[in-house]
Amino acid sequence: MREFKCNRCGVCCKHVADVEEASFLDRGDGVCKYYDDNLKKCTIYDFRPDICRVDKMYQRYKSKMTWDEYLDASYEACDKLREMEKSKNN
């Protein structure tokens with residue numbers, strides 16, 4: 001079984017307000033309250049909620065798609081978020 005390889009870029013942590021299920025993590029500016037801007041990492045990574053875990057979130061979608069399809073969709077979402085972040089910083 002393929003594994004999701006997160007590069008821990010943090011871009012998903014900067015867009016929690018864009019995901020209804022993750023909005024409780026918003027510190028008020030769309031960024032996760034557990035994201036450390038200086039260190040560029042999650043301060044609770046080992047204890048992060050299920051919404052931040054690709055394998056746990058798959059449980060919601062496994063009746064609609066295969067694991068490989070879900071991984072492909074996850075990588076595509078990552079790419080789109082990185083593009084949004086690039087556009088925002090340019």
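Which element gives the most to the lining of the largest pocket? In this predicted model, that element is helix 2, with nine residues.

**View 1. The largest pocket and the elements around it.** The largest pocket of the predicted model has a volume of about 1,300 Å³. Its lining is made up of 44 residues, and those lying nearest the centre of the pocket are Cys12, Ile51, Cys52, Arg53 and Val54. The elements that each give two or more residues to this lining are strand 2 (41-42), helix 1 (54-58) and helix 2 (67-89), and helix 2, with nine residues, gives the most. Sorted by class, the lining of the largest pocket holds 29 nonpolar residues, together with 11 charged and four polar ones.

View 2. Arg53, which is among the residues nearest the centre of the largest pocket, is found in the loop between strand 2 and helix 1. This arginine is buried and yet has no salt bridge, the nearest side chain of opposite charge being that of Asp50, 4.5 Å away. A salt bridge requires a side-chain nitrogen of Lys or Arg within 4 Å of a carboxyl oxygen of Asp or Glu, and the distance from Arg53 to Asp50 is given as 4.5 Å. The side chain of Arg53 does, however, reach the backbone oxygen of Arg48 at 3.0 Å. Asp50 is likewise found in the loop between strand 2 and helix 1, where, at 44% relative accessibility, Asp50 counts as partly exposed. The C-alpha atom of Asp50 is separated by 9.7 Å from that of Ala22, a residue 28 positions apart from Asp50 along the chain.

**View 3. The salt bridge between Arg60 and Glu21.** The model has a count of 10 salt bridges, and one of them is formed by Arg60 with Glu21, whose closest N and O atoms are 3.4 Å apart. This pair links distant parts of the chain, since Arg60 is in the loop between helix 1 and helix 2 whereas Glu21 is in the segment before strand 1 (35-36), the two residues being 39 positions apart. Arg60 is partly exposed, with a relative accessible area of 46%, and Glu21 also counts as partly exposed, at 39% relative accessibility.

**View 4. The salt bridge between Arg27 and Asp29.** The side chains of Arg27 and Asp29 meet in a salt bridge, with a distance of 3.0 Å from N to O. On the arginine side of the pair, Arg27 is partly exposed, with a relative accessible area of 37%. On the aspartate side, Asp29 is partly exposed as well, with a relative accessible area of 49%.

View 5. Arg82 forms a salt bridge with Asp79, and the closest N and O atoms of the two side chains are 2.8 Å apart. Because Arg82 and Asp79 are three residues apart in helix 2, they are separated by about one helical turn. Arg82 is partly exposed, with a relative accessible area of 28%, while Asp79 is partly exposed with a relative accessible area of 42%. A further group, consisting of Arg2, Asp68 and Asp72, is linked in a network of salt bridges.

View 6. Arg8, which is found in the segment before strand 1, has a phi near 55°, a positive value in a residue other than glycine. At 53% relative accessibility, Arg8 counts as exposed. Lys40, whose place is in the loop between strand 1 and strand 2, has a positive phi of about 60° although it is not a glycine. At 49% relative accessibility, Lys40 counts as partly exposed, and what places Arg8 in the exposed class is that its 53% lies over the 50% cut-off.

Definitions and conventions: Residues are numbered from 1 along each chain as its sequence is written. This is a predicted model: local features need pLDDT of at least 70, side-chain atom pairs count only at pLDDT 80 or more; totals for chains, interfaces and linings use all residues. Side-chain values use heavy atoms; hydrogens and water are left out. On a 1 Å grid over the protein atoms alone, a cavity is a set of points where a 1.4 Å probe fits but cannot get out, and a pocket is an open set with protein on both sides within 12 Å along at least five of seven lines; lining residues have an atom within 4 Å of a point. Grid points are joined across faces, edges and corners, and a volume is the space filled by probe spheres set on the points. Helices (H or I, at least four residues) and strands (E, at least two) are DSSP runs, numbered from the N terminus. Ala, Val, Leu, Ile, Met, Phe, Trp, Tyr, Cys and Pro count as nonpolar, Asp, Glu, Lys and Arg as charged, and the others, Gly among them, as polar. Buried means under 20% relative accessible area, exposed over 50%, partly exposed in between (1.4 Å probe, protein chains only). Lys and Arg count as positive and Asp and Glu as negative; His and the chain ends are not counted. A polar contact is a pair of N or O atoms within 3.5 Å; within protein, one must be able to donate a hydrogen and the other to accept it, and residues adjacent in sequence count only if both atoms are side-chain atoms.
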